[in-house]
Structures are given as C-alpha cells and as structure tokens.
Amino acid sequence: MERRRAIDDYEPGPVPPQRPVDRFGFIKQDVSNTPDGLVKSRLAVEYEREARRVRKWRKMIGVGGSDWKHYARRKPHVVKRRIRKGIPDCLRGLVWQLISGSRDLLLMNPGVYEQLVIYETSASELDIIRDISRTFPSHVFFQQRHGPGQRSLYNVLKAYSVFDRDVGYVQGMGFLAGLLLLYMSEEDAFWLLVALLKGAVHAPMEGLYQVGLPLVQQYLFQFEQLVREHLPKLGEHFSQEMINPSMYASQWFITVFSYSFPFPLALRIWDVFLYEGVKIVFKVGLALLKYCHDDLVIIL
C-alpha cells in the first residue's frame with residue numbers, strides 16, 4: 001500500500017499556459033495562414049459530411065451499441081467498408097469497445113478494475129510514474145504533472161501490470177493506454193487493453209511486451225520477408241546496407257503507430273486495426289515503405 005501512494009502524495013503541478021489546440025486536443029505547432037473564410041467554408045463542408053456519417057453509424061449500432069452484433073452478423077461487408085472509411089470521432093470510443101470485444105469483458109468482470117487500482121500493488125509502479133510524462137506530452141489532457149490525465153494513465157497501466165504479472169509494464173504500453181483514454185473512461189480503456197493483449201477477438205498481443213519481446217522478433221522477421229517479396233529492390237538495398245526492420249519498425253508494432261504517426265492518421269489505422277487485426281500493421285508498414293521507396297533507394 002505504501003507504493004500505491006507514490007503518485008497520490010504529490011500535488012498536481014501547475015496548469016500549462018493555454019495555447020491553440022487542434023480538434024483532437026494536441027497543441028498546434030504552427031499557426032495556419034489560410035484565410036478565415038476558406039477555413040470556415042471547409043469546416044462547414046466537413047461538418048455536414050461528418051453529420052451524415054454519424055447518422056448512418058447511429059442507425060447501424062443502435063442505442064449504446066444494442067444493435068451492433070446483429071448488424072455486424074447480417075452485413076459484415078458494410079461494416080468493413082464503413083470502418084475503413086473511418087469511424088465518426090464522436091462514436092469512436094464506443095465502436096472501438098464493440099469491435100474489440102472489450103465491452104463484453106467489462107460486463108463480465110464488474111468491480112475488478114476498481115479492485116486492481118485501489119487494493120493491489122505492482123512492482124512496476126515506479127517505472128510507470130517515471131514514463132507517464134513522456135506519453136503524448138503535447139496533448140492537453142496529459143500535460144499537467146500529476147493532473148487528471150496522468151493519474152488516469154497511471155491507474156490503467158498499474159491495473160494491467162497487476163492483472164497480468166507475466167507482462168507487467170513495458171515502455172510503449174503507455175501510448176496504447178493513452179490513446180484509449182482520449183476516447184473512453186479508465187475502466188473501459190483497461191478492458192480494451194486486456195482485450196488486445198489477451199486476444200478477445202484477434203491474436204493475443206501480449207508477446208509484444210513479454211520478456212525478450214518474442215512477438216516483436218517474430219513480426220520483424222515476417223515483415224523483412226514481406227519487404228523482400230513485395231519491394232525486392234528496396235529489400236536488396238536494405239540487405240546491402242545492413243538495415244533490418246528492428247531499426248525502424250519495432251515501434252510500429254509495439255505502439256501500433258500511435259507513437260510517431262500524425263494523430264488523425266493513427267486513429268484511422270486504429271479503426272481498421274481493431275476490426276481486422278495485426279495484419280493491418282504489416283499492410284500500413286509496407287504501404288509506407290512503398291510510398292517512400294524511391295527516396296529510400298536514392299538515399300542508400
């Protein structure tokens with residue numbers, strides 16, 4: 001219990017000064033020079049398009065997701081197509097829970113999350129505290145030292161490290177939990193993390209974070225073979241220059257692109273990843289290398 005108080009004994013740090021943020025809560029790095037009239041016109045078009053998509057999605061999932069399973073069984077092709085187009089941001093948290101299987105885990109385990117957070121201790125608590133400020137440092141929710149965002153992130157990561165002591169906590173898990181916390185409550189984020197790592201719908205991801213990172217090694221080996229098969233010229237260059245996927249792709253798998261990709265793009269990847277599984281990480285990685293193919297070959 002003494003270790004549980006490690007983060008609670010601190011008073012919240014000062015609130016960072018207010019700066020312009022984008023629609024997702026990240027601090028803007030530069031100010032657009034686009035005329036206000038053009039910006040408003042674009043926003044109006046985007047708003048109307050989003051409103052139409054929201055109406056379609058609400059009809060598809062029902063109140064609180066009550067119609068989801070029936071619709072997904074009846075029209076899987078429609079579900080897949082709409083998810084690939086992007087889930088409406090206002091419904092993203094709910095839909096992620098539905099397609100990942102985490103909502104079912106939550107309903108089957110009442111009170112478990114509270115027990116893990118309040119009454120259990122973890123050997124990883126100090127490591128989690130050390131890394132918290134490194135997770136999405138430019139997002140307003142996580143900026144305040146020991147503020148609500150950092151406390152929620154600590155709680156989710158600590159609870160998982162107790163729930164699965166074989167995995168515990170590994171740096172990189174914070175980006176998964178942090179992304180989820182931007183769209184759902186602590187408890188919901190915890191169970192979605194469980195669904196991913198334990199394989200509620202797709203192959204378990206826990207091997208990405210176990211000692212020795214065995215699943216990372218497997219995926220990197222497979223990815224290298226795919227590069228040689230689909231991008232043979234680039235694969236040959238990588239081989240000659242002794243560049244292997246561990247030098248550039250490890251974080252792609254460990255954080256599912258949430259660490260270094262533009263946030264709107266990361267969200268679209270997560271929409272499809274949660275529905276279709278880890279193959280999407282391979283596909284996006286290959287697409288990225290293909291897009292940069294000529295530049296990479298010239299550089300090498």
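Q: What share of the contacts in the protein with a separation of 6 or more comes from residues 24 or more positions apart?
A: Start with the rule: contact means heavy atoms within 4.5 Å. Here, residues 24 or more positions apart account for 74% of the contacts with a separation of 6 or more. This is a predicted model, in which local features need pLDDT of at least 70, side-chain atom pairs count only at pLDDT 80 or more, and totals for chains, interfaces and linings use all residues. Residues are numbered from 1 along each chain as its sequence is written, and side-chain values use heavy atoms, with hydrogens and water left out.

Q: How many helices and strands does the secondary structure come to?
A: Elements are DSSP runs, numbered from the N terminus: helices are H or I with at least four residues, strands are E with at least two. The protein has 17 helices and zero strands.

Q: Which residues does the UniProt annotation "transmembrane region" cover?
A: Read such annotations with care: UniProt positions follow the numbering used here, feature names are shortened, and annotations may be inferred rather than shown by experiment. The unreviewed entry marks residues 167-184 and 252-270. In the model, residues 167-184 are 50% helix and 0% strand, with the end C-alpha atoms 23 Å apart. Residues 252-270 are 63% helix and 0% strand, and their end C-alpha atoms lie 12 Å apart.

Q: How many of the residues count as buried?
A: Buried means under 20% relative accessible area, exposed means over 50%, and partly exposed is in between (1.4 Å probe, protein chains only). Of the 300 residues, 47% count as buried.

Q: Which residues have the most contacts inside the largest nonpolar core?
A: A nonpolar core is a set of buried Ala, Val, Leu, Ile, Met, Phe, Trp, Tyr and Cys residues joined through side-chain atoms within 4.5 Å. The largest one has 88 residues, and Trp68, Trp96 and Trp270 have the most contacts inside it. Helix α11 (residues 186-198) gives the most to this core, with nine residues. Now select Trp96. Setting aside residues up to four places away in sequence, its contacts include Leu179, Leu180, Tyr183, Leu192, Trp270 and Asp271.

Q: Where does the pair Arg92 and Asp271 sit in the chain?
A: A salt bridge is a side-chain nitrogen of Lys or Arg within 4 Å of a carboxyl oxygen of Asp or Glu. Arg92 and Asp271 form one, with the closest N and O atoms 2.7 Å apart. This pair links distant parts of the chain: Arg92 is in helix α4 (residues 92-100), Asp271 is in helix α15 (residues 263-276), and 179 residues separate them. Both residues are buried. Asp271 is also among the residues that Trp96 touches.

Q: How many salt bridges does the count come to?
A: The count is 14. Some sit within a helix. Arg53 and Glu50 meet at 2.7 Å, N to O. Both lie in helix α1 (residues 36-61), three residues apart, about one turn of the helix. Glu50 counts as partly exposed because its relative accessible area is 22%. Arg228 and Glu224 form another bridge, with the closest N and O atoms 3.6 Å apart. They share helix α12 and are four residues apart, about one turn. Arg228 is at 41% relative accessibility, so it is partly exposed. Glu224, at 23%, is therefore partly exposed too. Bridges with shared partners join Asp127, Arg130, Asp131 and Arg134 into one network.

Q: Which residue other than glycine has a positive phi near 55 degrees?
A: Most residues other than glycine have a negative phi, and most peptide bonds are trans. Met242 has a positive phi, near 55 degrees. Met242 lies in the loop between α13 (232-240) and α14 (250-255). Its relative accessible area is 66%, so Met242 is exposed. Leu213 also has a positive phi, of about 50 degrees.

Q: Where is the place of Leu213?
A: Leu213 is in the loop between α11 and α12 (214-230). Leu213 is partly exposed because its relative accessibility is 27%. Beyond neighbours within four places in sequence, Leu213 contacts Gly207 and Leu208. From Leu213 to Ile254 is 41 residues in sequence and 9.4 Å in space, C-alpha to C-alpha.
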